[in-house]
Amino acid sequence: MLDLQVTFGSDVMELGTRRLIFFTLITAFVGYSLLIYFQGAGKNSELVQLPHGAREGKLLFQKYNCIACHQLYGLGGYMGPDLTNVISFPGKGPDYAAVFLRHGTNRMPDFKMSEQEVGELLAFLTYVDGTGISPPYNARINPDGSLTLPGEE
Amino acid sequence: MKKDIGVIFFLLAAISLIIGLIFGVISAFQFLYPEFLREVAFFKSRPIHVSFVVAWIFLSSVGGIYYYVNRVMGLTLFSRPLAVLHAWLFVITGAGIGISYLAGEFGGREYWEFPVAFAVPILVSWILFAWNFFRTVNRKKGPWPVYLWMWSTGVIFFLLTFSESYLWLIPYFRDNIILDLTVQWKAYGALVGSWNMLVYGTAIFLMEQTRKDGTVANSKLAFLMYFLGFANLLFGWAHHLYTVPNQHWVRYISYLVSMTELIILARMIYQWRKSLSTALAEFHFFPSRFLAASEFWIFLNLILALAISIPAVNLYTHGTHVTVAHAMGSSIGINTMILMASMCFVATAVQPGSIVKKRLLRMRIGYWILQISLMIFWLSLIAAGLYRGIYTISNQAPFQEILDGIRPFIFIFAVAGMGIFIGLLMLLMPVSDILFGFLKTTDKKNG
């Protein structure tokens, strides 16, 4: 259990100081958020918008809750593999992915998707594939503990 | 005398936690045996588990705040009807979300997978709560103690970050996957920080109450710790994004801010010996016992959080069960322990001595089953995650091979998950029984 006197001390912080710190942090947060909204995507800021079919595919990805089991850039569930580079990974590709989408497996339900839905999901996965690499096998670990991702040299 | 709205929220929270735990156990076993309960397949059971456990955290935090500002701080609630409406909106929305998941109707993103329309009543119910909360606490004379700052921060930032997590509805964000992921996890990181503010504020409030020491929540150091936590809420979320090819500085800033948590760790180690003697002295009192457990889990999870905030380590832990260990360790080990302390505190307040009568032994056993199961659960997740991380990054092993390799750890994790369920049930049932009995007494007094 925390010892209150040791942990928190007894000096009181002035109300003006509290407000100053609070509003400084809030101001910095607003500025930082705007910077992220307009510059946060890095080189991907210049990417062309989602191609035809991929936009619909993204919504299908959400409609079928694919993220409950799969990951994009390591974010998502653990039941199935990361799909970021399923389109370009050696031995996989669009035909390989289409089989899973059409029929499911013992771990993945058959969602009985239409051919149009399969096509749109593949278009979305193809778009994602072009944005980067995950997992970043060839990431470089820098002396300060940070990472340089593939393609960031 | 009308039924206490805070107690009603606690009972709703308990129901929510039991539903969340049942589906947590189901989804853990589905990971091992995907054919198990195919009607409620993993892609349905996981979001039900997550949503109802998150609802437990919100409902019990809010229940405590309603109870404490009104009954303990002596501030008259601005509007009881608004609080009742808040509760009904939450219940109806929660039921709707549960049904939509069972029916396989989704549309949102991870953690908020429900159809987008459900976001509206969630937002409205929270606005009602915020309005009621601020109109109530504004009646307090003199400077606010740190827990009121924390609760206020939690209330406001839930509104902001929940709204921010829906920016994907705007094509500018949705049509660029890297920007979309960056903004999504920026919002989620701060959103978790916002409910942590509600929970940690409750912990400080309880410490002040159990120790009868009014200076605790006004000290300079308490506010410095609050601002440190607040800065982490605002800027320390990008450890989820170290492997996403966004701007370098997004990751660097988060790395630097996250390392400030070393200050909290150093403080905990510095005062460890003195804290331990205090904890042992107060261990007989259930709220203090849960607070002691939360401190232990804060220590372990802080070390884990610091480790995975180092990008070089994160490379091996991101997208693995280590991340789940961190999430589960925080939500069960820290949040649930503090919220159970809060629930026990209220139960003791409404029916003094009630925990001691008959229920003490069952609760003591439940407490230890929970702690031991959680430790096994947490360690098995870390082991599974490290296996997966190393075999993925260093060996580039195929997914199926990794899945087979982690199977023993996942089996232990699933069995320990059942232990957590049993332990929490042994604690929740008697405390809920006391609170429910209190509501019935209120009914009789009205009658």
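The legends below describe close-up views of a predicted model. Because the model is predicted, local features need pLDDT of at least 70 and side-chain atom pairs count only at pLDDT 80 or more, while totals for chains, interfaces and linings use all residues. Residues are numbered from 1 along each chain as its sequence is written, chains are lettered from A and ligands numbered from 1 in the order in which they are written, and side-chain values use heavy atoms, with hydrogens and water left out.

**View 1. The interface of chain A and chain B.** Chain A brings 80 residues to the contact and chain B brings 101 residues, where contact means heavy atoms within 4.5 Å. The size of an interface is often given as the accessible area lost when the parts come together. Here the buried area is about 8200 Å², and carbon and sulfur atoms give 66% of it; buried area is the accessible area (1.4 Å probe) that two parts lose on being put together, summed over both.

**View 2. Polar contacts and the side of chain A that touches chain B.** Across the interface there are 23 residue pairs in polar contact, both residues being at pLDDT 80 or more. A polar contact is a pair of N or O atoms within 3.5 Å; within protein, one must be able to donate a hydrogen and the other to accept it, and residues adjacent in sequence count only if both atoms are side-chain atoms. Elements of chain A that each supply at least two residues to this side include α1 (4-8), α3 (54-63) and β1 (71-72), and α2(A) gives the most, with 16 residues. Helices (H or I, at least four residues) and strands (E, at least two) are DSSP runs, numbered from the N terminus. By class, this side of chain A has 46 nonpolar, 24 polar and 10 charged residues, where Ala, Val, Leu, Ile, Met, Phe, Trp, Tyr, Cys and Pro count as nonpolar, Asp, Glu, Lys and Arg as charged, and the others, Gly among them, as polar.

**View 3. A salt bridge between the chains.** Side chains of opposite charge can pair when their charged atoms come close. A salt bridge is a side-chain nitrogen of Lys or Arg within 4 Å of a carboxyl oxygen of Asp or Glu, and there are 2 salt bridges between chain A and chain B. In one of them, K58(A) pairs with D180(B), and the closest N and O atoms are 2.6 Å apart.

**View 4. A salt bridge within chain A.** R102(A) forms a salt bridge with E115(A), with the closest N and O atoms 2.8 Å apart. This pair links distant parts of the chain, since R102(A) is in helix α4 (residues 94-103) and E115(A) is in helix α5, 13 residues apart. R102(A) is partly exposed, with a relative accessible area of 34%; buried means under 20% relative accessible area, exposed over 50%, and partly exposed in between (1.4 Å probe, protein chains only).

**View 5. A salt bridge within chain B.** R359(B) forms a salt bridge with D433(B), the closest N and O atoms being 3.0 Å apart. R359(B) lies in the loop between α14 (321-350) and α15 (360-393) and D433(B) in helix α16 (residues 399-446), so the pair ties together parts that are 74 residues apart in sequence. R359(B) is buried, at 18% relative accessible area, whereas D433(B) is partly exposed, at 44%.

**View 6. The surroundings of Y200(B).** Y200(B) lies in helix α7 (residues 177-211) of chain B and is partly exposed, at 29% relative accessibility. Leaving aside neighbours within four places in sequence, Y200(B) is in contact with M150(B), I334(B), N335(B) and I338(B).
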